[in-house]
Amino acid sequence: MCDYTQVEFRCGHVRYTVRAWCTKYETTHKRCPPSVVAIEFRLDERCGDCRAPVIHPSWMTRQTKNTRIQT
């Protein structure tokens, strides 16, 4: 079984991250039932769903289409 870490965030959401893939997954790429081997508390940060959106630089929002592609 694959080893997972349970991560609990300040917002109350829980995520599971892989610590190590088992040999069965490495050969078949089919996930087996998770085995939680550690719990991590990240009470100083929010999960990706609750985190404030990243502010993109202004030059990223100005480009409306790819001008390098010629048709």
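This tour moves through the sheet of a predicted model and then to its salt bridges. Residues are numbered from 1 along each chain as its sequence is written, and side-chain values use heavy atoms, without hydrogens or water. In this predicted model, local features need pLDDT of at least 70 and side-chain atom pairs count only at pLDDT 80 or more, while totals for chains, interfaces and linings use all residues.

**The sheet**

Select strands E2, E1 and E3, which form an open, mixed sheet in that order. Strands (E, at least two residues) and helices (H or I, at least four) are DSSP runs numbered from the N terminus, and two strands pair if DSSP finds at least two bridges between them. E2 and E3 are the edge strands, each with a single partner, so one side of each has no neighbour in the sheet. From one strand to the next the twist averages 30°, with axes fitted as lines to C-alpha atoms and angles running from 0 to 180 degrees between N-to-C directions.

Next, display E1 (residues 3–9) beside E3: seven bridges join the two in the parallel sense. Glutamate 8 has phenylalanine 41 in E3 as its bridge partner.

**The salt bridges**

The whole structure contains two salt bridges (a side-chain nitrogen of Lys or Arg within 4 Å of a carboxyl oxygen of Asp or Glu). Select aspartate 49 and arginine 15, whose side chains meet at 2.6 Å, N to O. Aspartate 49 lies in the loop between E3 (35–42) and helix H2 (58–62) and arginine 15 in E2 (residues 14–20), so the pair ties together parts 34 residues apart in sequence. Aspartate 49 is exposed at 64% relative accessibility, and arginine 15 is partly exposed at 30% (buried is under 20%, exposed over 50%, partly exposed in between; 1.4 Å probe, protein chains only).

Finally, select glutamate 40 and arginine 42, which form a salt bridge at 2.7 Å, N to O. Glutamate 40 is partly exposed at 32%, as is arginine 42 at 28%.
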